[in-house]
Amino acid sequence: MRSAITLFSSSRRNGNTGSLIDLVADKSGMEVVDLDIINMSPFDYEHKNKGDDFLPLMEKVLSYKNIVFASPVYWYAVSPAMKIFLDRLSDLLIFPDLLDMGRELRGKNGYLVSTSVSHELSSIYIDAFLKTFSYLGMSYGGALHMDCNEGLNLEKNKDEIMTFSNILK
C-alpha cells in the first residue's frame, strides 16, 4: 500500500495552501490531487452523479494508508470543492453497492494541512474533520497549520514542515 495522498482544494492553486502542500509533497514524495479541476458533482440522494470522477478518485485514495486534506480556512470551513468531496463520502455510506468501498476507509489515517490568518487552527474547522474521521473509522494523524496573516513564511516554519513531511513518507 502506498504511503500518502493529498486531496487539495483552494480558490488559488498557487496561493498559500498550494505552496505549502507542494513543499510537503516534495519533501514526502506524496501525490497531490487538485479537487478543483476534477469533475465532481454535489451529493445527490438519487445518485444521478455516479458518472463523475468521485468514484475513480476514491479508488485511488483507497490505495493509500494516509490521506491528507489540504484547504485554506474560509470562514471557519473548508473550500467549496473540499466540502463537495466530504459530502460525497455519503455515497459510500448510503448506497448499497458502495458500502464495501466505504468500509475500506476504516484504519486509514487522516491529516490536515491548512493556512489562515490565525495562529491557531479553528476548532470549528478541525472538529468537522475529527468527527468525520471518527465516523468513518479513520485515525487522526495530526495537522500542519500556517498563520499567513503576514504572508506565508516557509523558512520560519521549516522544522514543523519537515517533521510533518517525514510522518507521511
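Contact here means heavy atoms within 4.5 Å, and helices (H or I, at least four residues) and strands (E, at least two) are DSSP runs numbered from the N terminus. The views below come from a predicted model, where local features need pLDDT of at least 70 and side-chain atom pairs count only at pLDDT 80 or more, while totals for chains, interfaces and linings use all residues. Residues are numbered from 1 along each chain as its sequence is written, and side-chain values use heavy atoms, with hydrogens and water left out.

**View 1. Helix 1 meets helix 7.** On the helix 1 side we have Leu-20, Leu-23, Val-24, Lys-27 and Ser-28, and they meet Ile-161, Met-162, Phe-164 and Ser-165 of helix 7. Sorted by type, the residues of this contact come out as 6 nonpolar, 2 polar and 1 charged. (Nonpolar covers Ala, Val, Leu, Ile, Met, Phe, Trp, Tyr, Cys and Pro; charged covers Asp, Glu, Lys and Arg; the others, Gly among them, are polar.) Two packed helices are described by the angle between their axes and the distance between the axes. Here the axes of helix 1 and helix 7 (residues 158-167) come within 8 Å and cross at roughly 55°. That makes helix 1 oblique to helix 7. Axes are lines fitted to C-alpha atoms, for helices over the stretch in contact, with angles from 0 to 180 degrees between N-to-C directions; under 35 degrees is roughly parallel, over 145 roughly antiparallel, 65 to 115 roughly perpendicular, and the rest oblique. The crossing of helix 1 past helix 7 is right-handed, that is, the near helix is turned clockwise from the far one by less than a right angle.

**View 2. Ser-28 in helix 1.** Helix 1 spans residues 16-28, and Ser-28 belongs to it. Ser-28 counts as buried because its relative accessibility is 11%; buried means under 20% relative accessible area, exposed over 50%, and partly exposed in between (1.4 Å probe, protein chains only). Follow the Ser-28 side chain and you'll find the backbone oxygen of Val-24 at 2.8 Å. Leaving aside neighbours within four places in sequence, Ser-28 is in contact with Ser-165, Leu-168 and Lys-169.

**View 3. Gly-18, also in helix 1.** With a relative accessible area of 0%, Gly-18 is buried. Setting aside neighbours within four places in sequence, Gly-18 touches Phe-8 and Arg-13. Asp-34 is 16 residues away along the chain, with 9.5 Å between the C-alpha atoms of Gly-18 and Asp-34.

**View 4. Met-82 in helix 3.** This helix runs over residues 80-88, and Met-82 is buried at a relative accessible area of 0%. Apart from neighbours within four places in sequence, Met-82 is in contact with Leu-7, Phe-8, Ser-9, Leu-35, Phe-69, Ala-70 and Ser-71.

**View 5. Trp-75 and its positive phi.** Most residues other than glycine have a negative phi. Trp-75, though not a glycine, has a positive phi of about 50°, and Tyr-76, not a glycine either, has one of about 70°. With a relative accessible area of 80%, Trp-75 is exposed.

**View 6. His-47 in a loop.** Look between strand 2 (31-34) and helix 2 (54-61) for the loop that holds His-47. At 7% relative accessibility, this histidine counts as buried. Beyond neighbours within four places in sequence, His-47 is in contact with Asp-91, Phe-95 and Leu-98.

How values were computed. A polar contact is a pair of N or O atoms within 3.5 Å; within protein, one must be able to donate a hydrogen and the other to accept it, and residues adjacent in sequence count only if both atoms are side-chain atoms.
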